[in-house]
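This briefing goes through one model by topic. Please keep the sequence and the coordinates at hand while reading.

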Amino acid sequence: MGQNRYQSWGRYPKAEQNALKMFWRHEPIPSSDEASGNILPFGNGRSYGDCCLNDGGTLIDTCSLDRFIQFDAEQGLLRCEAGVLLSDIVELVVPRGWFLPVTPATRYVTIGGAVANDIHGKNHHRSGTFGCHVSAFELLRSDGSRMLCSEIENPEWFSATIGGLGLTGVITWVEILLKPIMSPHVLEETIRFANLDEFFSISEESDTTFEYTVAWIDCTAKGERLGRGLFRRANHGAASLRGRRSTKYTAIALPLVPSALLVNRLTLRAVNSLYYRNQIRARRTRTKHFESFFYPLDAIGRWNRMYGPRGFLQYQCVLPHSDGATALREMLEAVAASGLGSFLAVLKIFGDKESPGLMSFPRPGVTLALDFPNKPRAMELLDRLDEITRSAGGAVYPAKDARMSRESYQAYFPQWEEFSRFIDPRCSSSFWRRVTGPAE
Ligand SMILES: Cc1cc2nc3c(=O)[nH]c(=O)nc-3n(C[C@H](O)[C@H](O)[C@H](O)COP(=O)(O)OP(=O)(O)OC[C@H]3O[C@@H](n4cnc5c(N)ncnc54)[C@H](O)[C@@H]3O)c2cc1C
């Protein structure tokens, strides 16, 4: 496999690193003679920034740890090696009436990566993070020791490794509790909303009755239209939908993602507006196959390349409820005024179910995710967004970050020093050195 595999999804920053594959969960971590410099486990590189990169060191590629170990189809308990992709899990379990308890917007992430970033999905308000559904895993340290981790066995290591960014050692296998479903389909309702106030009121109404909620917003809109968009809410379908035929992917499930050359103020406004107006009716209800509802971006394949060789930047923050609406307004005004915009602007309310992870990103509040072509002006805008996030007492998601300052990181995650004592002495990452290392 070429070195291209060892990039992050945003293709920025670049890193020069070696990579060694682990083929078997019982083998030890390569010795320091074999692996030069610091080591870092690598899943499938679906993190956007540098938490999966290790410039100057060695990546321990876990993709060949791809075996299922045990599946109890009665209880929905699944144990598999850490490099198994969520796409392989859904393929195995959906026909047997089970689904992932939490899923991100792509199924091409490994279960080890899902634990290490303690990922969240459209059901965070109900089910919390992925880590809330992990019953156990094994942690392999560079000294050869192995720890069974659960809420009962080695609970402090369990907590440090969920959301621990691969720094506590290599997770070799993971056990999760799946969620029962009656059908591979979901019933989705899409509602058009005119501004942020409407978003908040639809969210509040939906979060009690819908398992999945998320909104796309037109981040080029200003004034009274600030924060207008489409709200999507859904529940798993009933048994009567089991045999139903439906297309797996629908044509305009997403705003288009044009090439970097086309990303300018005019195309941004046109594409965002077109997508908003594409839904003629104020409300629309549809039955969708789970793939089309959960993973529309996967249908486009390697859409990250469309931003060109300089790559792109994602920004995902959470703003606590107390200050969230005001800070969000300020943020969207700054984005609209910059003209930089984003084709994929996503808004969602996080719930208050606490994760077992010491370093987990989600916390109660509103979360906004945006992406931008990698340009100096985008960097300046993101620094401005960080100021707003910090003064609102929020946080930025490390899995999506390539540029936040050490001051911002340490303000968002003040527990980082407590976490440091769990770091394996041979593990480090480009991200960790950037946000906790000495100032350059
Ligand atoms: C299109 C798209 C949509 C996304 N949507 C969401 C979303 O809705 N919600 C969300 O939370 N995230 C989302 N993400 C981010 C993604 O889910 C996370 O970055 C995830 O952690 C990537 O997993 P990976 O297997 O690719 O791991 P990598 O990106 O390779 O690594 C991620 C981290 O996990 C560590 N790691 C990997 N394997 C192991 C192991 N075996 N042991 C210990 N540590 C390990 C790495 O060191 C690194 O710190 C999305 C990403 C993309 C590209």
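This is a predicted model: local features need pLDDT of at least 70, side-chain atom pairs count only at pLDDT 80 or more; totals for chains, interfaces and linings use all residues.

Residues are numbered from 1 along each chain as its sequence is written. Helices (H or I, at least four residues) and strands (E, at least two) are DSSP runs, numbered from the N terminus. A residue is buried if 20 or more other C-beta atoms lie within 10 Å of its own, exposed if 12 or fewer, and partly exposed in between, with C-beta atoms placed from the backbone.

**Helix 9**

- Helix 9 (residues 376-391) has 16 residues and reaches 23 Å from first to last C-alpha, close to the expected 22 Å; the expected span of a helix is 1.5 Å times one less than its number of residues.
- Its buried residues are Ala378, Leu381, Leu382, Leu385, Asp386, Ile388 and Thr389.
- Seen down the axis of helix 9, these buried residues fall within an arc of 160°, so they line one face of the helix; the arc is that of the directions from the helix axis to the C-beta atoms.
- Pro376, Arg377, Glu380 and Ser391 are exposed on the face of helix 9 turned away from its buried side.
- The cover over the buried residues of helix 9 includes strand 15 (312-319), helix 8 (321-338), strand 17 (365-373), strand 18 (395-396) and helix 10 (406-412), where contact means C-beta atoms, placed from the backbone, within 7 Å.

**Helix 5**

- The 12 residues of helix 5 (residues 196-207) should span 16 Å, and the end C-alpha atoms are 16 Å apart, which agrees.
- Leu196, Phe199, Ser203 and Ser206 are the buried residues of helix 5.
- They cover an arc of only 90° around the axis, which puts them on the same side of helix 5.
- Ser201 and Glu204 are exposed on the other side of helix 5.
- Strand 11 (185-193), strand 12, strand 13, helix 8 and strand 16 are among what covers the buried residues of helix 5.

- An open sheet of 8 strands runs in the order 14-11-13-12-16-17-15-18, with antiparallel pairing; two strands pair if DSSP finds at least two bridges between them.
- Strand 14 (283-289) and strand 18 stand at the edges with a single partner strand each, so one side of each is left without a neighbour in the sheet.
- Strand 12 (residues 212-217) and strand 13 (residues 229-236) pair in the antiparallel sense over 6 bridges, and the bridge partner of Thr213 in strand 13 is Arg233.
- Strand 2 pairs with strand 3 (residues 58-61) in the parallel sense over 4 bridges, and Ile39 stands opposite Thr58 in strand 3.
- From strand 2, Ile39 and Pro41 point one way and Leu40 and Phe42 the other way, and all are buried.

**Backbone exceptions**

- Most residues other than glycine have a negative phi, and most peptide bonds are trans.
- The peptide bond from Tyr12 to Pro13 is cis, with omega near -5°, and Pro13 is in the segment before strand 1 (18-21).
- Arg11, not a glycine, has a positive phi of about 55°; Arg11 lies in the segment before strand 1 and counts as buried, with 20 C-beta neighbours inside 10 Å.
- Asp118, also not a glycine, has a positive phi of about 40°; Asp118 is in the loop between helix 2 and helix 3 (124-127) and is buried, with 27 other C-beta atoms within 10 Å.

- Glu354 is in the loop between strand 16 (346-350) and strand 17 and is partly exposed, with 14 other C-beta atoms within 10 Å.
- Asp88 is in helix 1 (residues 86-93) and counts as partly exposed, with 17 C-beta neighbours inside 10 Å.

Conventions: Two residues are in contact if their C-beta atoms, placed from the backbone, lie within 7 Å.
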